[in-house]
Amino acid sequence: MEYQSATYPIRIQNINVSFGNVNALKDISLHMERGRFYGILGPNGSGKTTLLRSIAKSLKPQRGSILVNGVDIGKIKTKELSRKLAYMYQSTDIQCDYSVTDVVLMGRNPYLGRFQTEGPTDREMAEKAMKAANVWQLRDRRINEISGGERQRAFIARALVQDTDIVLLDEPVSHLDLQHQIEVLDIARKITQKQRTVVAVLHDLNLASTYCDYLFLLKGGAIIAQGEPEKVLTEGIIEEVYGIKPYIVRGVNNNKPYIIPFKK
Amino acid sequence: MSFVDKKKKYRLLFIGSVLLLLFLIVMSATVGAANITLMDALKIMIRKIPFANKILGEWRPSGTHELIVLKIRLPRVLAAAVIGIGLSAVGGAFQGMFVNPMADPYVLGVSSGAALGAAIAIALGAEQLVGGFGLVTATAFVFALITVLIVFSIAKTGARIVNTHLLLAGVAVSFFASSLISVIMVLNRDRIAKITYWMMGSVAYITWKQVLILIPVVILGTVVICFFARDLNIIATGEEGAKNLGVEVETVKKILLVVCSVVVAACVSVSGVIGFVGLIIPHTVRLIAGSDNRVVLPFSAVGGGIFLVLCDTIARIPTSEIPVGVLTSMFGAPYFISILLRSKRKVL
């Protein structure tokens, strides 16, 4: 598919991010298309979360620019950006005893004026999102009294209810058991059918291989490889990035590569 | 249950508690050392209400009774209500904003700053001059705001205000101001009693003029604070996520810090340091109704008003009056402990 550059939902041009003397992202350029599921992979400290936070405008690159739908995010107001881009960050502990419904309804904040409260439409959308994220049965529970995995799904529902074209997920399945990992990634996959762009930081190469259309493999703040899973998840590249010798099974799992890690 | 489901119930409860507060204000003005009957006191107040005074016909109160009810009791009762409202609303907002259960209206050093200002004014003999008590109040107010400004400028890192820096700067500046107050007291031994009494917190000597300035400042400030309840809720689930939900975290914090500081400075400079109200009332509301700031903030405000009016009424009963700031802790602490013991829910 060919796109005019202005219509890329996300386009990153030569960004550099450093924390003190550490270069977290080195001259990264990339673009992402509508309706696709992108995976950002790489070892710990490779800059995955930094990349995601830069796109979410949570931190400002020292150099370079990030365009959302062709507009520099520096020029987009916080509230306006929150209608274009949802960001589920690695959830921290919440001490407040809000109900799950109230937390999910926070995702409607971008659409509410200061003197407004959530209306019936907002509630319907929240119900839909909660059902999609499989937390509808938890709607009256308190957010500080449910399990980590349940909270993760509640935050996914909150991101869904934001109704944005771009959804960023930072390790969306990291605290989940197998069943819920699959469930959450199925939801993410479904979002892309509505011409939305999903970008997820993942650790599990096999889940990334199964679910993502396109992968970015990071190491030391630079993109080492990018492309379809078949092209990126090869013995050579994985060994270069992770320093392990993998055994790759092909021919199962819809012909996507399946990685069995070995010792060094 | 979501907040939206319970909104109607909360609205009714809120109107009910506001009516209770107004009723208590009127009833409190009928209580006191002077021997005025309940009916006479009520009639004196009704006489001042346009149209309603017709029902009293030709009834006339004694001059001293009218003076006591209208010039002495009513302003102080109103002041107690308004100060209770302001301190509790700010306490609730600070606890929500800092996500810290220990936060109270004085964490940023407003009280110590105000006390320092008052101590200086008293030491210089300001209250014996013309303008009298107003000069102490004005100095306290100015010092309170200066103190907060110093705390802000210490805590500011670039465009951001970091919560921990703010709280620590508040503590440090508070201690510094307190040590200066001690120095002033040591150097002016004859004024120690007056300075100490001021710091205990009392609404006994409040004038109509002060009340009429205090009411709009506090009520307006409280309304503004309540309109930021949803933002505070979202901020409490993580500042980074809040930005992505369209909350201008830094702007919200700055607006609230300024509004809260002015409200607290206005309260403290008039009454001295009335402790505990701003800490326990929001917590009490939170323990009963949960941590949703859309509930906590408005109900804390009204609850604080009710609590301080009750405390002040009790403060007036003994022949030698007890400063209300002492009573708030004396009654508040055991009450709060009992709620804590009964409640299994988390404090914040």
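In the predicted model, 32 residues of chain B are in contact (heavy atoms within 4.5 Å) with 36 residues of chain A. Together the two chains bury about 3,100 Å², 46% of it on carbon and sulfur atoms; buried area here is the accessible area (1.4 Å probe) that two parts lose on being put together, summed over both. Of the area that chain B buries against chain A, 23% is supplied by B:Arg230, B:Asn244 and B:Leu245, more than by any other three residues.

Residues are numbered from 1 along each chain as its sequence is written, and chains are lettered from A in the order in which they are written. Local features need pLDDT of at least 70 and side-chain atom pairs count only at pLDDT 80 or more, whereas totals for chains, interfaces and linings use all residues; side-chain values use heavy atoms, with hydrogens and water left out.

Five salt bridges are found across the interface of chain B and chain A, a salt bridge being a side-chain nitrogen of Lys or Arg within 4 Å of a carboxyl oxygen of Asp or Glu. The side chains of B:Arg294 and A:Asp102 form a salt bridge, with an N to O distance of 3.7 Å. The elements of chain B that give two or more residues to the side touching chain A are helices H1 (3–28), H9 (229–236), H10 (239–244) and H13; helices are DSSP runs (H or I, at least four residues), numbered from the N terminus. H9(B) provides the largest share of this side, six residues.

Helix H1 of chain B also contains B:Ser28. Beyond its neighbours within four places in sequence, B:Ser28 is in contact with B:Val77, B:Val309, B:Thr313 and B:Arg316. The C-alpha atoms of B:Ser28 and B:Leu74 are separated by 8.4 Å, although these residues lie 46 residues apart along the chain.

Helix H14 of chain B comprises 19 residues (324–342); at 1.5 Å a residue it should span 27 Å, in agreement with the 27 Å between its end C-alpha atoms. The expected span is 1.5 Å times one less than the number of residues. A kink of about 30° lies at B:Gly332, shortly before B:Pro334; the bend is the angle between axes fitted to the seven residues ending at a residue and the seven starting there. Buried residues of H14(B) include B:Gly332, B:Phe336 and B:Ile339. Their cover in H14(B) includes helices H7 (192–200), H12 (277–289) and H13 (293–316) of chain B.

Note on methods. Buried means under 20% relative accessible area, exposed over 50%, partly exposed in between (1.4 Å probe, protein chains only).
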